Amino acid sequence: MSGRPRRAPKRSKKYDDEVDDFSDEGSDVPLSDSDSEDRKPRKKAVAARGKKSLDSFTTDEGWSFEPPSIFYKEYGDAQPSDKIAAFDLDGTLVNTKSGATFAKDDLDWKWYNKSAPEKIQAYADEGYKIVVFTNQGTIKSAVKGKAAEKILSRIDSIMEELGVPVQVFACTMDDHYRKPERGMWDFFVSRFNGGVAPDHSKSFFVGDAAGRTADFADTDKGFADNVGIGFRTPEDEFGQADGGKKAAAKKGGGGDVVS
Ligand SMILES: [Mg+2]
């Protein structure tokens, strides 16, 4: 009776950036109230959840969800422009304040450095439209779950502090909207730039996943390449991160955060 080794259940980690300190186990997609009272139909509930198709909706905080996998929100009145200054979020505009790789809560962020919000303001003043494209793969299909709520609320906290008109697009799944694929860009251009076609020669994307030796990925560079706009690292754009090498080593930290 005994020789059986006890193993902790393995957590499947398909994507290394999907480790999720936010997630409260099992709280993914809220089921109807009556489900929570059921004694055994756990399997049934899971099956139902799998089948549940995602509809578009808007949260009380003004986030819109567009199936299958995009959250978007506009802060202020972001005017259409043919010049797009686009940014990744985690490891690019902000790092975690806690120093943890993954944000602990919605207030766990600090600017990449002092120059980041200042430069963004300067771009807005020069007529660039500011757009953020972020992969938030920890959300997956749990678009009404607690992880989603915390991640979106953290973005709110960042953008409110920024105080510049900006549009944010966040991809929740591993599909054609996820960087390095260009789906989020096309979604933005087709519906959220007043019909103005971006001039690729004047537009650019800044991101920390640049495929450098210490980088965890090259999804940001791939995104810019796939769109056909210029690519810059946060170091190119803003200089060194606050916290120096330590922060740099953590780059990518955040929610999915991360890329
Ligand atoms: Mg990043």
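The model is a predicted one. Two things to look out for are the cis peptide bond between P67 and P68 and the positive phi at K140. Another stop on the tour is strand β3, which is largely enclosed by the rest of the structure.

- P67 and P68 are joined by a cis peptide bond, with omega at about 5°.
- You'll find P68 in the loop that runs between β2 (64–66) and β3 (70–75).
- There's also a cis bond going from K179 to P180, and its omega is near 15°.
- P180 belongs to the loop between β8 (166–171) and α5 (183–191).
- K140 isn't a glycine, yet its phi is positive, at about 50°.
- To find K140, look in the loop between β7 (129–135) and α4 (146–162).

**Strand β3 and its partners**

- Start with the β2 side: β2 and β3 are linked by a hairpin through three residues.
- These two strands, β2 and β3, pair antiparallel, with three bridges between them.
- If you want a landmark on that side, S64 sits opposite Y72 of β3.
- β3 also runs antiparallel to β8, and six bridges join the two.
- A handy landmark for the β8 side is E74, whose bridge partner in β8 is Q167.
- As for how enclosed the strand is, β3 has six residues and five of them are buried, so the rest of the structure largely encloses it.
- While you're looking at strands, keep in mind that side chains in a regular strand alternate between the two faces of the sheet.

- Is K140 buried or exposed? K140 counts as buried because 20 other C-beta atoms lie within 10 Å, and the cut-off for buried is 20 or more.
- D88 is a loop residue too, placed between β4 (84–87) and β5 (94–95).
- D88 is buried because 28 other C-beta atoms lie within 10 Å.
- D88 and F169 are 81 residues apart along the chain, and their C-alpha atoms are separated by 9.8 Å.

Technical notes. Residues numbered from 1 in each chain as written. Predicted model: local features only at pLDDT ≥ 70, side-chain atom pairs only at ≥ 80, totals over all residues. Helix = DSSP H or I, 4+ residues; strand = E, 2+ residues; numbered from the N terminus. Buried ≥ 20, exposed ≤ 12 C-beta atoms within 10 Å, placed from the backbone. Pairing = 2+ DSSP bridges.
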